Amino acid sequence: MKRLLILALLACPALSAADRPGTVFKIFQFPANMIPRVDGNADDWKMVPDDYAIGMDQLVDDTNKDRKPDPKDLDVKVKVGWVKGLNRLYFLYEAYDNYWDFGQPGLHNDIFEVVVDGDMSGGPLIERFQPTKELSERDAHFSMHGVQAQNYHIMTPAVGKDWALAWGCNAYVKELPYANAAYNYNFKPGESGRLTLEFWITPFDYAGCEGPQRAVESVLRENKLIGLAWAILDYDDATSEKHAFWNLSRQHTMYGKADELVAFRLMPLEPQFRRFEANWSFQVLDLDRRVVAFRDETTGTATAWKWNFGDGSSSTEQNPIHQYAKGADYTVTLEVAGPEGKSSREKIWDVAVK
Ligand SMILES: [Ca+2]
Ligand SMILES: [Ca+2]
Ligand SMILES: [Ca+2]
């Protein structure tokens, strides 16, 4: 009995591996035919409902906790999106700043710092927080810095430098095909104005220092929770190293400790973008005996199913298992019906048992 209780507790990692317990932010699902174009133009985000936007009211300045957000100093709104089937997180960063500080080399730059932990593994992600003190700085850097969760210092804007510092040993994570960014602004260093930054990143469960060849992307799926947080480093004086640190997490060290990130949910499509559409997948359970398991993956509510297995036989089960008598490439069709209508999906020669 005691053992069962412990197992039940272990099965709830989200309770312990995130800051701000009870708070879950939402990541908007774009329909596949409306993927945002990373061009610095925010028009393709107009479809995202307002309750997905995360503004200054959710941030606390770590360097001065009494400071209240002042839209005349800094006003930032962030939306996060994803597309089912792609392991990418899309961001829209819309900001007003009274003093855009980006005229110098190095890290004295207005910065949007994003930290992501795609599987909510928690744990340290920078070498400073690696708990094994016997490890040399070099070994810590090349074994874990940025490997199981990633930190991007994104320059807002970047001039004469990379769009981001991918902090760690795996700079490839900020390049295509893993990331892309575009800006739109019309101000010079030291001026005020509005900036639009649009980008996407790929979260990794393992982003090894040896290069992308063994890297493992975090698989994004509907309703999954991921760890994510950001901070805005607002420099407002080219002659001073002082800057605000507007943090979505309540822990300053979230930049290097993944269990201090905040929970975000990869949301299903909003109802206005959902379509009733038949779909299915299959798995060959036994190739020698030609046994195949079929799985209904219809989007929307289906109440009736009709499978045509392509060999003259059929089934009205939702998820049938079928044994073929002869080896061949089969064309299989699923027809579904429900309150939203009818739909069917044929797959030609996908089911090959021979
Ligand atoms: Ca765009
Ligand atoms: Ca400012
Ligand atoms: Ca600034």
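Biologist: Leaving aside its neighbours within four places in sequence, what is alanine 18 in contact with?

Modeller: Alanine 18 is in contact with Gly227, Leu261, Val262 and Ala263. Contact here means that the C-beta atoms of two residues, placed from the backbone, lie within 7 Å. Bear in mind that this is a predicted model, where local features need pLDDT of at least 70, side-chain atom pairs count only at pLDDT 80 or more, and totals for chains, interfaces and linings use all residues. Residues are numbered from 1 along each chain as its sequence is written, while chains are lettered from A and ligands numbered from 1 in the order in which they are written.

Biologist: Where is alanine 18 found?

Modeller: Alanine 18 sits in the loop between helix H2 (13-16) and strand S1 (19-29). Helices (H or I, at least four residues) and strands (E, at least two) are DSSP runs, numbered from the N terminus.

Biologist: Zooming out, how many helices and strands are there in the protein?

Modeller: The protein has three helices and 21 strands. Its C-alpha atoms fill a box of roughly 80 × 50 × 45 Å along the principal axes, and buried residues make up 36% of the 354 residues.

Biologist: What does the domain assignment give?

Modeller: It gives domain 1 (16-266) and domain 2 (275-353); such bounds come from an automatic or database domain assignment. The centres of domain 1 and domain 2, taken over C-alpha atoms, are separated by 42 Å.

Biologist: OK, on to the strands. Which order does the open sheet of three strands have?

Modeller: The order is S15-S16-S19, with antiparallel pairing. Strand S15 (280-286) and strand S19 (321-323) are the edge strands, each pairing on one side only. Two strands pair if DSSP finds at least two bridges between them.

Biologist: How many bridges join S16 to S19?

Modeller: Three bridges join strand S16 (residues 291-296) to S19, and the two run antiparallel. Valine 292 stands opposite histidine 322 in S19.

Biologist: What does valine 351 touch, not counting residues up to four places away in sequence?

Modeller: Valine 351 touches Phe282, Val292, Tyr330 and Val332. Valine 351 lies in strand S21 (residues 341-353) and counts as buried because it has 21 C-beta neighbours inside 10 Å.

Biologist: Now strand S17. Which residues are on its covered face, and which on the uncovered one?

Modeller: In strand S17 (residues 304-308), Trp305 and Trp307 form the covered face, while Ala304, Lys306 and Asn308 form the uncovered one.

Biologist: What does S17 pair with?

Modeller: Five bridges join S17 to strand S20 (residues 328-338), running antiparallel, and tryptophan 305 has valine 336 as its bridge partner in S20. S17 also pairs with strand S18 (residues 314-315) in the antiparallel sense over two bridges. There, asparagine 308 has serine 314 as its bridge partner.

Biologist: Which glycine takes a positive phi in the hairpin of S17 and S18?

Modeller: That is glycine 310, with a phi near 85°, and the hairpin has five residues between the strands.

Conventions
A residue is buried if 20 or more other C-beta atoms lie within 10 Å of its own, exposed if 12 or fewer, and partly exposed in between; C-beta atoms are placed from the backbone.
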